[in-house]
Amino acid sequence: MIEPQQASAEPPPAPAASPPIPGDRPPQTPAQVRRRATLAGVAVSVLLILAIVFGSRLLRDFDSALLPYAVATVFLAFGVAYRYTVWVSAPGARRLFTQGWHAFFSPRNFRKAPTALPRMIATYLGFQKFLGARSHGRWAAHQLIFWGCVLAALITFPLTWGWFTFTSSTGSGPGYEMRIWGFKIIGFDSLNVVGWLMFHGLDIAAVLVIPGACYFLWRRMKDRGAITGQRFGYDLVPLIALIVISVTGLLLTFSSIFLHGGGYQFLAILHMVAVVFTLIYIPFGKFFHIVQRPAAVGMQLFKYTARRKDGTLAADGSGAGLLACRRCGQPIDTAPYVENLQGTMRDLKLDFDTWAEYCPRCKRVLRGNAYLAHVKKGYK
């Protein structure tokens with residue numbers, strides 16, 4: 001029901017001028033953004049090349065057989081820096097990024113909620129509890145992919161760059177030493193449990209990734225909601241790439257153990273092509289959300305600390321610290337968050353930033369009344 005005595009077809013009055021919001025600055029032209037993004041990409045790529053050279057002790061520990069992987073990571077670094085710079089240059093993302101870092105480095109926030117950031121990193125970034133509210137199956141599959149990819153990255157990147165190596169004094173084991181930047185970290189026997197885990201970490205990662213990726217691929221084929229808006233290159237290719245990388249990686253192990261190296265060369269080339277393609281694809285496809293997610297943690301911290309009142313959260317759920325709707329008085333969100341949204345709307349030349357101070361229900365009521373007053377005046 002629409003309450004005529006409360007509703008109004010007139011636009012809401014303009015709010016009082018708000019103080020400057022962190023992140024305010026004149027918009028940049030596309031050419032300026034591309035130039036800054038290119039410089040950032042080149043700088044990050046050069047730094048990575050220097051890190052590879054010096055981290056591998058002037059390439060003494062660098063395995064030339066892994067050169068294609070290393071080159072792909074340099075392209076990955078350029079692409080991530082380029083795309084991230086372009087993303088942060090957009091008004092909305094720039095404000096999110098700026099407010100997140102302000103909240104992250106704020107001594108006041110740390111004093112009021114010293115455990116907030118670790119908890120948000122663990123729950124929002126690590127275990128992604130927000131996905132569990134949508135579907136337990138999607139959450140479990142995402143966790144399998146996430147931890148499998150994290151494990152694979154922690155092993156693959158340092159090995160590719162020559163940062164750590166496995167060496168044997170006898171040349172063929174079973175005793176091995178793991179060295180990082182030339183310094184011995186641990187010695188182990190390749191025939192015991194520790195040695196098996198050391199040499200089969202990527203196989204474990206593949207076993208985690210395959211069921212998670214297959215679940216999402218099956219969902220993309222069966223779920224009507226997913227099918228409606230999906231795109232092959234954006235939604236399906238990443239899942240197929242993960243499955244190909246994982247399966248070929250397991251087949252390499254299978255070939256070396258059970259087939260005495262049969263088909264190993266072909267599988268190694270196929271695996272390398274899949275990995276290199278995926279690394280180059282990351283900055284320009286769906287995998288880019290991996291890079292964006294930490295910034296979202298900063299924004300969550302910003303919203304969390306803004307909701308606090310006198311250092312504690314309202315226990316009765318009354319919405320302490322939240323901005324009230326200008327029409328019905330129900331809490332909307334924190335005042336700093338609404339001001340941040342209004343600033344973004346002004347940057348984008350959207351001349352209805354005042355409506356951010358109304359709850360969704362009141363926006364619908366006001367829009368409906370405006371329609372009745374100005375479009376369907378004779379409608380009863």
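Is Trp-181 buried, partly exposed or exposed? Here are a few points on that residue and its surroundings.

1. First, a word on the model. It is predicted, so to speak of local features a pLDDT of at least 70 is needed, side-chain atom pairs count only at pLDDT 80 or more, and totals for chains, interfaces and linings use all residues. Residues are numbered from 1 along each chain as its sequence is written, and side-chain values use heavy atoms, with hydrogens and water left out.

2. Trp-181 is partly exposed, at a relative accessible area of 46% (buried is under 20%, exposed over 50%, partly exposed in between, with a 1.4 Å probe and protein chains only). Although Trp-181 is not a glycine, its phi is positive, at about 55 degrees. You will find Trp-181 in the loop between strand 2 (175-180) and strand 3 (183-189); strands are DSSP runs of E with at least two residues, helices are runs of H or I with at least four, and both are numbered from the N terminus.

3. Strands 2 and 3 run antiparallel and are joined by six bridges (two strands pair if DSSP finds at least two bridges between them).

4. Now the sheet: three strands make an open, antiparallel sheet in the order 1-2-3. Strand 1 (164-167) and strand 3 are the edge strands, each pairing on one side only.

5. Leu-59 is another non-glycine residue with a positive phi, about 70 degrees. Leu-59 sits in the loop between helix 1 (30-55) and helix 2 (67-89), and is partly exposed, with a relative accessible area of 44%.
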